[in-house]
Amino acid sequence: MTMRAVVIREFGGPEVLTPTEVEVPEPGPGQVRIRVVAAATNPVEAKIRQGVAMPDLPLPAILGGDVSGVVDAVGPGVADPAVGDEVYCTPELTARQAGYAEYCVVSASIAAPKPRSLGHREAAAIPLAGGTAWEAIVRRLAVRPGETVLVQGGSGGVGTFAVQFAVAAGGRVLATAGPKNQDLLSELGAVAIDYHRDDPAQVTRDETGGHGADAVLDLVGGENLATSCRAARDFGRIATVLPPSGELPDLYQRNQVLHGIMLTRERARLDEMTPVFERGQARPVVTGVLPLDRVRESHEQLDSGHGRGKTVLEVG
């Protein structure tokens, strides 16, 4: 039996994403097969496609780090989830198991029940970006009520979740974005900072009486991390999802803590997040919906570096 999928046979631009027919994968021991209803695209997938991230990935490969769908087969030893269960997860990015396809096979241990209050389109936008934001804001930075949080890069996939999780935790949130996304940050509950016009570190200090933010999530990386350190208070906490560059004198001179965030695949994190969505305290920001065979258009947007929320792919 075959299925529709989008395959890359070489690294390169969006044009290497090729719709085709491939064999439907079979679940092995401890695995489940998901009939994918919706998937979503992420910046890391563009970097993988370019050969920048995971350059040793065997080709041909099927990308896609977000899926929501229905379990349609289980391998030996799997009791949960069961056939017919609606689930969402972040598939492992390997040649046969990722989300740009009608079916994908994943470890049963990473598939979580889909939030009941959300459709598959919305749920597909959550696992990778939402999981990264949850790991940073809730688990690592451990934002507490009354704290001031700065999110650098607040309008993208991870950023929109991070702003909402910090607000839900009782934080006062400041977030940076370009001029076109100031309205979105305000809608999500943040004090919006236009980084084209203003220095985020100075705005943060002005907003905190000179003290600085208790916690900062940096989604920009590179030399921008120095700005995040300047924006944080003495003994403040900082998290980054991208490597830094340059000098970081504030980090050690002011006794700050820096967390590096690399998302691991696990069901527990999704289970922790689900009640926040079911209570309406957060929502995925879906700014585009495309059929699977038009995934190149989403990657063109990802390559521009100016994303807003998430693009979802309709699969099944």
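Modeller: Across the interface of domain 1 and domain 2, the rule finds one salt bridge. Keep in mind that this is a predicted model. Asp 183 and Arg 308 form a salt bridge, and their closest N and O atoms are 3.5 Å apart. By class, the side of domain 1 that touches domain 2 has two nonpolar, four polar and two charged residues. The interface of the two domains also has three residue pairs in polar contact.

Now step back to the domains themselves. The domain assignment gives domain 1 as 2-118 + 284-314, and domain 2 as 129-260. Their centres, taken over C-alpha atoms, are 29 Å apart. Eight residues of domain 1 are in contact with 13 residues of domain 2. About 730 Å² of area is buried between the two domains, and carbon and sulfur atoms give 53% of that.

So what about charged pairs in the rest of the model? Side chains of opposite charge can pair when their charged atoms come close. The structure holds 26 salt bridges. One of them joins Arg 33 and Asp 72, with 2.9 Å between the closest N and O atoms. Arg 33 lies in strand β3 and Asp 72 in strand β5, so this pair ties together parts that are 39 residues apart in sequence. Arg 33 counts as buried because its relative accessibility is 8%, under the 20% cut-off. Asp 72, at 28%, counts as partly exposed.

Another pair is Asp 250 with Arg 254, whose closest N and O atoms are 3.0 Å apart. Here Asp 250 is buried, with a relative accessible area of 18%, and Arg 254 counts as buried too, at 13%. Salt bridges can also share partners: Glu 135, Arg 139, Arg 140, Glu 266, Arg 269 and Glu 272 are joined into one network that way. Within this group, Glu 135 and Arg 140 meet at 3.7 Å, N to O. Glu 135 is buried, with a relative accessible area of 10%, whereas Arg 140 is partly exposed at 31%.

Arg 49 sits in helix α1 (residues 43-50) and counts as buried, at 1% relative accessibility. The side chains of Arg 49 and Asp 303 are joined by a polar contact of 2.7 Å. Leaving aside residues up to four places away in sequence, Arg 49 also touches others, including Ile 8, Phe 11, Leu 63 and His 299.

Note on methods: Residues numbered from 1 in each chain as written. Predicted model: local features only at pLDDT ≥ 70, side-chain atom pairs only at ≥ 80, totals over all residues. Heavy atoms only, no water. Domains from an automatic or database assignment. Contact = heavy atoms within 4.5 Å. Buried area = accessible area lost by both parts, 1.4 Å probe. Salt bridge = Lys/Arg side-chain N within 4 Å of Asp/Glu carboxyl O. Polar contact = N/O pair within 3.5 Å; in protein donor to acceptor, adjacent residues only side chain to side chain. Nonpolar A, V, L, I, M, F, W, Y, C, P; charged D, E, K, R; others polar. Helix = DSSP H or I, 4+ residues; strand = E, 2+ residues; numbered from the N terminus. Buried < 20%, exposed > 50% of the residue type's maximum accessible area, 1.4 Å probe, protein only.
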